[in-house]
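Q: Before we go through this entry, could you show me how to read its features one at a time, giving the general idea and then the case at hand?

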Amino acid sequence: MFSRLRSDIACILERDPAARSTWEVLTCYPGLHAIMLHRPAHWCWHHGFKWLGRFISHVSRWLTGIEIHPGATIGERVFFDHAMGVVVGETAEIGDGCTIYQGVTLGGTSLYKGAKRHPTLGRNVVVSAGAKVLGGFVVGDGAKIGSNAVVIKPVPAGATAVGIPARIIPSKTGESADVTPAQTKFSAYGITLEDDPLSQAMKGLIDNASSQEHQIALLWRAIEALSASRAGTDCVPDDAARRETFEADKLTQLVGK
């Protein structure tokens, strides 16, 4: 029990730059308190003391603002950062090393009792503030859920899900978190430089338009050179056609890339 608590505290010190000491984490972090209270509630739930399990989880919700059903399964080194308003459903499973921010819901879309109604998070998943993950599907290892995303379908390992409903951005390497280098930098709030597929599409269009303008300018310069080499020609292109005026860099900055 104490080794698991030390592991939970160590993961908070690793991922939260505001955490200054073990004592501060132990006394001032409601996410840690919620996990500490969930463990006896979970034990009671699975050993026939269901009312007691629910009562402990109710007290935990009152003290921490984090509602975790006692039937939910939570792995090791899970960090609820800030986490006010987090709701974790009965059949939800949270893998080792996950980070969950405030306002997250791991909810269900089915009313059938006993069924797997809530999501399963793999290892090292980051679920950002306000995200809703709804349904009994799997979010793969190392996946990231963007802020306020509404995820209603499985997310592959290492992928990023953003938007409403969530769009899936595949991992560049196709590898899950357990085979990536151990020194991989933690992505706070699930933010990476290439999260939004719409901005990626816009960036591609901008690059294509810039390339086309460059090619057109080269063609006009070739026509001008050919015209100059022929005596008496009247085909002299306007100078504007030979200058590239497409401001690709400014447009790229506007779409956030």
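Q: In which sense do β1 and strand β4 pair, and over how many bridges?

A: Strands of a sheet pair through backbone hydrogen bonds, either parallel or antiparallel. In this predicted model, β1 and strand β4, the latter covering residues 87-88, pair in the parallel sense over 2 bridges; I68 has V88 in β4 as its bridge partner.

Q: What is the order of the strands in the open sheet, and which are the edge strands?

A: The open sheet has 5 strands with parallel pairing, and their order is β1-β4-β7-β10-β13. Its edge strands, each of which pairs on one side only, are β1 at residues 67-68 and β13 at residues 150-151.

Q: Why does L52 count as partly exposed?

A: L52, which has its place in helix α4, counts as partly exposed because its relative accessibility is 35%, and the class runs between 20% and 50%.

Q: What pLDDT does the chain average, and where is the pLDDT below 50?

A: The chain averages a pLDDT of 80, with 77% of the residues scoring at least 70. Over residues 176-183 the pLDDT is below 50, and this stretch has 9 contacts in the model beyond near neighbours in sequence. Where pLDDT is low, the predicted coordinates should not be read in detail.

Methods
Residues numbered from 1 in each chain as written. Predicted model: local features only at pLDDT ≥ 70, side-chain atom pairs only at ≥ 80, totals over all residues. Heavy atoms only, no water. Pairing = 2+ DSSP bridges. Helix = DSSP H or I, 4+ residues; strand = E, 2+ residues; numbered from the N terminus. Buried < 20%, exposed > 50% of the residue type's maximum accessible area, 1.4 Å probe, protein only. pLDDT = per-residue confidence, 0-100. Contact = heavy atoms within 4.5 Å.
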